[in-house]
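Subject: Structure for your files

Dear colleague,

Here is the structure I said I would pass on. My notes follow below it.

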Amino acid sequence: EYQSKPHRLLTLIFPLNPPRAQVLLGLKKRGFGQNKYNGFGGKVEPQESISQGAIRELTEESCLRARSVNKRGVLFFYFENDPVTMEVHVFDTVEYEGEWEETEEMAPKWFGVGDMPFDRMWKDDERWWPMFIRGKKFIGRFWFLEDQVTIVREELAEVDSL
Ligand code: 6OG
């Protein structure tokens with residue numbers, strides 16, 4: 001059934017346009033979450049901090065270079081019949097350089113923050129996105145069935161700091 005170890009530390013970063021009206025998502029072309037829109041991110045490497053990992057993955061997947069990032073949330077995902085807990089650290093950035101480009105992993109596209117393609121995203125996203133766009137910080141835990149679609153239990157709370 002559900003277990004809590006081992007642990008996989010991941011990042012997820014959302015570039016916002018300066019007035020925070022639009023967000024750059026990527027259509028994932030391969031791997032976990034293929035054919036879904038998501039922020040950019042991946043595994044944190046042993047020698048780097050979590051925010052350094054977020055900045056590195058953003059550049060690898062979209063070619064944007066973030067000059068600063070903001071911590072926005074921590075999400076824990078548990079999948080039925082899978083012992084791995086995913087711990088995903090969510091960031092935004094409004095200070096980035098370069099032009100976005102399609103990469104081997106992601107096809108980027110801008111969306112209005114109130115016009116998200118939730119039917120093509122992970123199911124948890126529509127739960128915490130309202131907190132994200134209101135500028136709140138959050139911690140969430142989501143328990144998925146093996147189908148990777150059905151959420152059978154969730155805990156989600158705004159927090160003052162992370
Ligand atoms: P790679 O395997 O490509 O990193 N991720 C999730 N993002 C959302 N919004 N919901 C989920 O619900 C997710 N599970 C994983 C974290 C995987 C990328 O996908 C994110 C990473 O950015 C289950 O290295």
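Which residue stands opposite Y37 in β3? In this predicted model, the residue facing Y37 is L27. Strand β2, residues 22-28, pairs with β3 in the antiparallel sense, over 2 bridges.

These two strands belong to an open sheet of 3 strands with antiparallel pairing, in the order β3-β2-β6. β3 (37-38) and β6 (106-112) are at the edges with a single partner strand each, so one side of each has no neighbour in the sheet.

On the overall fold: the protein has 2 helices and 8 strands, and along the sequence they follow the pattern β-β-β-α-β-β-β-α-β-β. The radius of gyration is 15 Å, close to the 15 Å from the globule rule for 162 residues, so the protein is as compact as a globular protein of that length. The C-alpha trace spans about 45 × 30 × 30 Å along its principal axes. Of the 162 residues, 26% are buried. Among contacts with a separation of 6 or more, 65% are between residues 24 or more positions apart.

Regards

Methods. Residues are numbered from 1 along each chain as its sequence is written. This is a predicted model: local features need pLDDT of at least 70, side-chain atom pairs count only at pLDDT 80 or more; totals for chains, interfaces and linings use all residues. Two strands pair if DSSP finds at least two bridges between them. Helices (H or I, at least four residues) and strands (E, at least two) are DSSP runs, numbered from the N terminus. The radius of gyration is taken over C-alpha atoms; the globule rule is 2.2 Å times the number of residues to the power 0.38. A residue is buried if 20 or more other C-beta atoms lie within 10 Å of its own, exposed if 12 or fewer, and partly exposed in between; C-beta atoms are placed from the backbone. Two residues are in contact if their C-beta atoms, placed from the backbone, lie within 7 Å.
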